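Here is a friendly tour of two features of the model shown below, with the cut-offs spelled out along the way.

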Amino acid sequence: MKHRWLSAALSGTLLLGLLTGCGGPGTEFDGTNQTSGSSDTLKIYNWGEYTGENLIDNFEDEYDCHVIMEYFDSNEMMYTKISAGDSYDVLIPSDYMIERLIKENYLQPLDKEIITNIDLLADDCRGLDYDPDNTYSIPYFWGSVGIVYNKNTVSRDDLEREGWNILADTKYAGRLYLYDSERDSFMMALKALGYSMNTDNEDEINAAYEWLCNVNNTMKPVYVTDEIIDNMINGIKDIGIVYSGDAAYILSENPDMGYYCPDQGTNIWSDAMVIPKNASNPELANLFINYVLTYDASMDNTETVGYTSSNAEVMADAYGEGGIYEGNEAYIPRSGYDKDEVFRDNEVLRKKLSELWIKVKAK
């Protein structure tokens, strides 16, 4: 989930980028969400900075089409536009949001006669709980949430003994970054306390709230989004909560940094490609999803973005000898660990966390 935030530079140029789209010469977008009605135009709604360097251009060349790309910076932002009736051909939301879109009947089944590359998926990307038969979704990237730490200043013994509770260890006060994300923050608090990150038990949620308030008040964390990547590369803080794809990049740029997923468990997430019911060009959308699964497209994606490919062969090659992430401990997500979880769509938890996260940071 995850997951990229738009960088400050991208945010500043977003409107300009949308005027030209990502679809090559002649493709224009007027800032509205009206569909073109053209059979050779594909409209994608995706996270910022989340596609391979050549993926869109190569797809346009192969299928003689134009691609318009718009960006969202949260699943909730994406949901607001979809629920308002805005039309896209392909969305790339996160697991819990896909579960919600399925429940609320916003998605159409994929055409498995077109999507023949589904067999290329890694085993861990097949049959996920929110879509057990991959009826509506095909994973795009997947990963974990963990701790990036400076191996010279943070004890690995402390990490292994304390896990998420190292974030409350005053030895490291003033030396840590936390994501400004209610879901990820409550995940680590609930896991530190031995609870499920999908709980709707009010006592457990309130205990996690108190845990976060204690961290906020005693540890003086800095709440960040995308700036954590450069800041951890430069060693400005010693501990940061980081998505695995960003962690893989940090580790590749600074060998003093390590990555650790606590034994209490963590979030194993996936972002997946889906087709809304009101898509204008579902055939081209299915062709795009099938194209993304190919070796060359998936390798372009993972090399450019840094997140773990859903293509089994690409994942192995990127991590293996001579691969761009050879031996990088953040690149391959932990698999089969019974305390790890995937976020589920939970209305009680969703509303409660939004309310409590504001209070945590206000303490």
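## The largest cavity

Strand β4 gives the largest share of the lining of the largest cavity, 3 residues. The elements that give two or more residues to this lining are β4 (138–150) and α11 (295–305); helices (H or I, at least four residues) and strands (E, at least two) are DSSP runs numbered from the N terminus. The whole lining consists of Pro139, Tyr140, Phe141, Met273, Val292, Leu293, Ser298, Asn301, Ser309 and Ser310. Here a cavity is a set of points on a 1 Å grid over the protein atoms alone where a 1.4 Å probe fits but cannot get out, and lining residues have an atom within 4 Å of a point.

The space inside is about 50 Å³. By class, 6 lining residues are nonpolar, 4 are polar and none is charged (Ala, Val, Leu, Ile, Met, Phe, Trp, Tyr, Cys and Pro count as nonpolar, Asp, Glu, Lys and Arg as charged, the others as polar).

## About the model

This is a predicted model: local features need pLDDT of at least 70, side-chain atom pairs count only at pLDDT 80 or more, and totals for chains, interfaces and linings use all residues. Residues are numbered from 1 along each chain as its sequence is written, and side-chain values use heavy atoms, leaving out hydrogens and water.

## Helices α7 and α13

How do α7 and α13 cross? The axes of α7 (residues 202–219) and α13 (residues 347–362), lines fitted to C-alpha atoms over the stretch in contact, come within 10 Å and cross at roughly 25 degrees. That makes α7 roughly parallel to α13 (angles under 35 degrees).

Key:
Axes fitted to C-alpha atoms, helices over the stretch in contact; angles between N-to-C directions. Parallel < 35°, antiparallel > 145°, perpendicular 65-115°, else oblique. 1 Å grid on protein atoms, 1.4 Å probe; cavity = no way out; pocket = protein on both sides within 12 Å on 5 of 7 lines; lining within 4 Å. Points joined across faces, edges and corners; volume = space filled by probe spheres on them.
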